[in-house]
Amino acid sequence: MAVQLQLRQLDVPPGHRVLLHDVSWHEFEMILEELGEHRGTRLAYSKGTLEIVTPLPEHEKAKVIIGDLLKVLMDERDMAWESLGSTTFKRGDMTVGIEPDDCFYIANHASMIGRDRLDLTVDPPPDLAIEVEITSKTQLSAYEALGVPEIWRYEDRQLHISVLQHGRYVESHISPTFPDVPIIEGISRFVEMSRTAGTSPTLRAFRQWIRAQFQAP
């Protein structure tokens, strides 16, 4: 009941975040249950520290267009995928929980078809996560603990790719999922284009750009 009362008093304006310290795993799970799935906040929990963020419209637009661009890319490459959006990924034995802005199962897409519940003690983590860093920085330690192979972080109108190596993230100039595509250049360019041209023209132009990358010389 104490946790519920605190949550009802908590008001996080858009573009702001709240950090709560010394939050137990049990309290974190109670908070998840109390807030429910249909909410405007994003949560990140790592070893007793809980971050609650309310995204700005700028954040939401960026995450949607990046996810849409990725889908166009995978469609053009005839790749299969399953998207789990901002699903809460958590492991009590590691005391971590994270809600990506978007995430995709690509190599492991078949294991996610028809799945309504996840248990990360037996299920794989997403192959690729998307994070837009406007209000706060991504908690890479949570992703490291869960073993997400690749993260796309969009910050200051530029895409950054982090790849998991020996349990730690290192910045990469290429995407291991799409090693033959200039991902950083392409995503950054077309996200910026969407700000002035709109979503539909941007996706069409991106599709043409992808096709041009693989035309025979």
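Tutor: Apart from its neighbours within four places in sequence, Ser46 is in contact (heavy atoms within 4.5 Å) with Thr95, Val96, Gln139 and Ser141. This is a predicted model, in which local features need pLDDT of at least 70, side-chain atom pairs count only at pLDDT 80 or more, and totals for chains, interfaces and linings use all residues. Residues are numbered from 1 along each chain as its sequence is written, and side-chain values use heavy atoms, with hydrogens and water left out.

Student: Why is Ser46 called buried?

Tutor: Buried means under 20% relative accessible area, exposed over 50%, and partly exposed in between (1.4 Å probe, protein chains only). Ser46 has a relative accessible area of 12%, and is therefore buried.

Student: What makes the side chains of Ser46 and Ser141 a polar contact?

Tutor: The term requires a pair of N or O atoms within 3.5 Å; within protein, one must be able to donate a hydrogen and the other to accept it, and residues adjacent in sequence count only if both atoms are side-chain atoms. The value for Ser46 and Ser141 is 3.5 Å, so the pair qualifies.

Student: Where is Ser46 found?

Tutor: Ser46 lies in strand 2. Strands (E, at least two residues) and helices (H or I, at least four) are DSSP runs, numbered from the N terminus.

Student: How do you know that strand 2 and strand 3 pair?

Tutor: Pairing requires that DSSP finds at least two bridges between two strands. Strand 2 (residues 42-46) and strand 3 (residues 49-53) have five bridges, in the antiparallel sense, so they pair. Ala44 stands opposite Glu51 in strand 3.
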